[in-house]
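Good morning, and thank you for the time on the agenda. Please have the sequence and the structure open while I speak.

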Amino acid sequence: MEIEVLDNYKKLSLKAATMVSSQITSNPNSVLGLATGETPLGMYEELISMYEDDLVDFGDIITFNLDEYLDLDPHHEQSYHYYMYNNFFNQVNIKEKNIHIPQGKKENCKKICSKYDKEISRAGGIDLQILGIGTNGHIGFNEPDHKLHVDTHVVELAEDTIEANSRFFSSKDEVPRQAISMGMSSIMKANKILLLASGEKKAEAIKKSINGEITTRHPASLLQLHTNVTILADQAAAKFIR
Ligand code: F6R
């Protein structure tokens with residue numbers, strides 16, 4: 001695991017965007033695993049300005065998003081579909097056919113999940129996976145538990161995640177209780193993983209991911225078993241790293 005501590009969120013976002021654009025320059029057909037949430041917003045902004053300056057071309061990349069709420073209309077402003085199109089896809093030259101975001105309802109979720117895994121395999125797996133981290137150590141929506149799922153699956157969101165994500169909804173009651181998430185296998189099979197963490201509220205989770213025991217009770221700790229992980233943390237998130 002490589003850990004790089006950046007002075008602030010702006011520098012972290014620029015560094016993350018530079019790593020993504022290098023990946024695309026070295027392989028224009030790269031398969032990227034993408035995350036939503038507050039943390040990667042700055043990275044998407046930087047990638048958009050690199051695209052506007054002709055420094056990167058998204059024309060041949062393929063993307064797979066980590067997760068999406070179950071039973072939430074893709075047009076809902078808090079859906080991850082809306083987030084991705086609004087904050088990134090609509091502003092760059094990615095092809096619609098190359099975008100994958102899980103989307104399902106209770107009735108069809110099993111089919112959707114297995115189709116998603118097949119699509120990832122058919123694309124040749126993920127070259128570079130971007131991750132954020134929950135305060136409870138979740139990656140994607142793989143929540144702390146006594147066991148973790150291998151494949152894409154439906155997950156009951158943990159109480160801390162519902163609490164944390166309620167900041168995006170008008171009330172906590174509106175936060176969906178279930179989501180579809182990529183499993184640990186697609187994440188761990190990615191050639192490279194780039195985890196971004198910003199702010200003091202992530203400091204404990206980052207400490208446990210790096211120095212703590214490897215446990216399903218802190219899913220990000222499993223990344224210690226991967227051979228090509230870079231963590232970019234700002235000063236606040238790296239507070240407990242010695
Ligand atoms: C989002 C995702 C989540 C977030 C995590 C941190 O696609 O997979 O694991 O990365 O909840 O979210 P923020 O960045 O909002 O703190």
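I shall go through the sheets, then the annotated positions, and finally the surroundings of the ligand.

Please bear in mind throughout that this is a predicted model.

Let me begin with the antiparallel strands. In what order do the three strands of the open sheet lie? The order is S4-S8-S7, with antiparallel pairing. The edges are taken by strand S4, residues 67-69, and strand S7, residues 153-156. Each of these two has a single partner strand, so one side of each is left without a neighbour in the sheet. On average, neighbouring strands here are turned by 30° against each other, with direction ignored. As for the individual pairing, S4 and strand S8, which covers residues 178-181, run antiparallel and are joined by three bridges. Within that pairing, Glu 68 has Ile 180 of S8 opposite it.

I turn now to the parallel pairings, which involve strand S9. Strand S9 spans residues 192-197 and is mostly covered, five of its six residues being buried. With strand S6, residues 128-131, S9 forms four bridges in the parallel sense; here Leu 128 has Lys 192 in S9 as its bridge partner. S9 is also joined to strand S10, residues 229-234, by five bridges, and these two strands likewise run parallel. Leu 195, for its part, is bridged to Ile 231 in S10.

Next, the annotated positions. An unreviewed UniProt entry lists Asp 67, Asn 136, His 138 and Glu 143 under "active site". Of the residues in that record, I would like to consider His 138, which is found in the loop between S6 and S7. Is His 138 buried or exposed? The cut-off for a buried residue is 20 or more other C-beta atoms within 10 Å. His 138 has 27 such atoms within 10 Å, and is therefore buried.

Finally, the ligand. Which residues come nearest to it? Among the 13 residues around the ligand, those that come nearest are Thr 36, Gly 37, Glu 38, Thr 39 and Gly 132. Sorted by class, the shell consists of seven polar, four nonpolar and two charged residues.

That concludes my presentation, and I welcome the discussion.

Key. Residues numbered from 1 in each chain as written. Predicted model: local features only at pLDDT ≥ 70, side-chain atom pairs only at ≥ 80, totals over all residues. Near = placed C-beta within 6 Å. Nonpolar A, V, L, I, M, F, W, Y, C, P; charged D, E, K, R; others polar. Pairing = 2+ DSSP bridges. Axes fitted to C-alpha atoms, helices over the stretch in contact; angles between N-to-C directions. Buried ≥ 20, exposed ≤ 12 C-beta atoms within 10 Å, placed from the backbone. UniProt positions renumbered as here; feature names shortened; annotations may be inferred.
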